[in-house]
Amino acid sequence: MKEKSKVILLPCSSYREEFVYESLKKGAELLGGLESLIGKEESVFIKPNLLKKAENSRPVITHPAVAGMLVRLLRKEGYEKIVLGDSCGVGTTSRVISGTGMDDYLKKYQVPAVDFSKGVRVEYPEGTQAREFILAKELLDSDCVISVCKMKTHALERITGAVKNSYGFVYGLHKAKGHTQYPSADSFARMLVDLNRLVKPRLYVMDGITAMEGNGPGSGDPVSMNVLLLSTDPVALDSVFCHLIHLKPQMVPTNYHGEKMGLGTWKEEEIRVITPQGEISVKEAAARYGNSGFRVDRRAVRSGLWERMAKALNIFQKKPYIDESLCIKCGVCVKSCPVPGKAVEFKKGRTKPPVYDYKKCIRCFCCQEMCPERAIKVK
């Protein structure tokens with residue numbers, strides 16, 4: 001009989017250091033202890049979500065207290081070789097964390113923040129969607145990875161969580177190139193599943209104390225969910241996230257393809273939810289800790305023929321658009337567009353906001369993710 005995937009759900013209503021530390025410590029115990037997952041002699045790479053520079057009041061990146069208390073826990077448990085890094089959407093690891101408090105935690109516990117310096121081509125012949133990746137050298141220099149994601153919505157994949165966080169393993173501009181190689185939600189999801197299967201993070205941690213709803217992953221609104229989630233199965237973890245926001249897990253491409261491709265399971269009957277008070281059902285977790293009003297894309301996907309016709313006619317598709325009242329004409333959207341020839345650009349200098357060419361637009365929503373003024377939305 002197949003062993004069920006275990007997801008640890010830890011109620012945590014504050015980013016106060018001791019609350020977070022004790023929660024993470026208990027979560028590790030409920031998973032069987034850190035040493036059951038990672039040897040003390042191994043070097044550990046911690047990968048938070050560092051999308052872009054943002055204030056802690058905006059839930060754009062993994063909260064510094066979560067990353068900091070995880071580092072503290074590892075140090076207390078005797079782990080000596082630890083680094084932290086990410087392939088950020090804008091900027092480097094050290095720049096994104098500067099002034100957030102995460103840099104102070106790393107200094108206190110003597111953990112280097114590594115800025116990725118080189119990409120290394122890694123073949124993955126067993127991949128379903130992707131047969132090779134350009135990964136950061138600093139990632140490959142470590143023995144194992146702990147992925148520390150943020151609970152957020154996502155314009156392309158509905159949510160971004162454990163599976164999607166691994167895209168930060170890809171080096172530099174190759175992330176943008178990936179959006180042109182895998183432009184649909186499904187192809188991008190299959191690539192992400194291949195990436196997780198290749199790197200094999202040992203542990204996934206989700207910061208859901210304050211989550212992001214609405215126009216995520218960079219321009220949404222904070223919402224209290226008051227939980228931390230831990231698992232070795234990223235699909236199961238993301239699926240519990242879905243249940244907490246009353247979204248069918250199979251509607252998320254990374255869950256659907258993750259289960260089909262053997263990364264993990266989204267199926268309720270194959271998941272155990274463990275809390276400090278004991279095991280509860282997925283339905284109980286949603287009832288006790290969920291938020292049915294969480295703003296996320298719940299629209300059903302159209303069936304095959306209709307979807308192909310809509311794409312061919314360029315109708316009834318999600319599109320990014322610029323709220324001119326918020327746009328400061330900084331050009332970040334133009335710079336972040338991965339499409340050759342640009343699908344969004346200034347037409348008359350910078351006297352007016354950039355303009356989209358929807359015939360070129362691949363709906364990757366990189367522009368929406370990176371906009372520093374939350375001026376780009378999806379309709």
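Proline 217 sits in the loop between strand 9, residues 203–213, and strand 10, residues 221–231. Look at the bond leading into this proline. The peptide bond from glycine 216 to proline 217 is cis, with omega near 10°. Keep in mind that this is a predicted model.

Stay in that part of the chain for a moment. Where is valine 296? It lies in the loop between helix 11 and helix 12, the latter being residues 304–313. Buried or exposed? Valine 296 has 14% relative accessibility, so it counts as buried. Setting aside neighbours within four places in sequence, valine 296 is in contact with Thr153, Arg158, Ile159, Ile245 and Leu247.

Arginine 158 is in strand 8, residues 158–160. Its phi is positive, about 75°, although it is not a glycine. Its relative accessible area is 7%, and the cut-off for buried is under 20%, so arginine 158 is buried.

Phenylalanine 365 has phi near 65°. It lies in the loop between strand 15, residues 355–356, and helix 14, residues 366–370. At 3% relative accessibility, phenylalanine 365 counts as buried.

Now the charges. Side chains of opposite charge can pair when their charged atoms come close. How many salt bridges does a search of the whole structure find? The search finds 21. Here are a few.

Start with lysine 377 and aspartate 323. They form a salt bridge, with the closest N and O atoms 3.5 Å apart. This pair links distant parts of the chain, 54 residues apart. Lysine 377 is in strand 16, residues 376–378. Aspartate 323 is in the loop between strand 13, residues 320–322, and helix 13, residues 332–336. Lysine 377 has a relative accessible area of 27%, so it is partly exposed.

Some salt bridges share partners. Arg158, Asp297, Arg299 and Lys318 are joined into one network that way. So arginine 158, the buried residue with 7% relative accessible area, comes back here as a network member.

Arginine 288 forms a salt bridge with glutamate 284, and the closest N and O atoms are 3.5 Å apart. Both lie in helix 11, residues 282–289. They are four residues apart, about one turn of the helix. Glutamate 284 is at 36% relative accessibility, so it counts as partly exposed.

One more pair. The side chains of glutamate 259 and lysine 267 meet in a salt bridge, at 3.6 Å from N to O. Lysine 267 counts as partly exposed because its relative accessibility is 26%.

Glutamate 259 takes us to a helix pair, as it is among the residues of helix 10 that meet helix 9. Helix 9 is residues 234–244, and helix 10 is residues 253–260. They pack at an angle of about 145°, with their axes 10 Å apart. The crossing of helix 9 past helix 10 is left-handed. Which residues meet? From helix 9, they are Val235, Asp238, Ser239 and Cys242. From helix 10, they are Thr254, Asn255, Gly258 and Glu259. By class, this contact has two nonpolar, four polar and two charged residues.

Histidine 63 is in the loop between strand 2, residues 44–48, and helix 2, residues 64–76. Its relative accessible area is 14%, so histidine 63 is buried. Leaving aside neighbours within four places in sequence, histidine 63 is in contact with Tyr15, Asn56, Met102, Lys150 and Asp207.

Then helix 2 itself. It has 13 residues and reaches 18 Å from its first C-alpha to its last. That is close to the 18 Å expected at 1.5 Å a residue. Why call helix 2 largely enclosed by the rest of the structure? Because eleven of its 13 residues are buried. Among them are Pro64, Val66, Met69, Arg72 and Leu74. After helix 2 comes glycine 78, whose phi is positive, near 95°.

Methods
Residues are numbered from 1 along each chain as its sequence is written. This is a predicted model: local features need pLDDT of at least 70, side-chain atom pairs count only at pLDDT 80 or more; totals for chains, interfaces and linings use all residues. Side-chain values use heavy atoms; hydrogens and water are left out. A salt bridge is a side-chain nitrogen of Lys or Arg within 4 Å of a carboxyl oxygen of Asp or Glu. Buried means under 20% relative accessible area, exposed over 50%, partly exposed in between (1.4 Å probe, protein chains only). Helices (H or I, at least four residues) and strands (E, at least two) are DSSP runs, numbered from the N terminus. Axes are lines fitted to C-alpha atoms, for helices over the stretch in contact, and angles run from 0 to 180 degrees between N-to-C directions. A crossing is left-handed if the near helix is turned anticlockwise from the far one by less than a right angle, and right-handed if clockwise. Contact means heavy atoms within 4.5 Å. Ala, Val, Leu, Ile, Met, Phe, Trp, Tyr, Cys and Pro count as nonpolar, Asp, Glu, Lys and Arg as charged, and the others, Gly among them, as polar. The expected span of a helix is 1.5 Å times one less than its number of residues.
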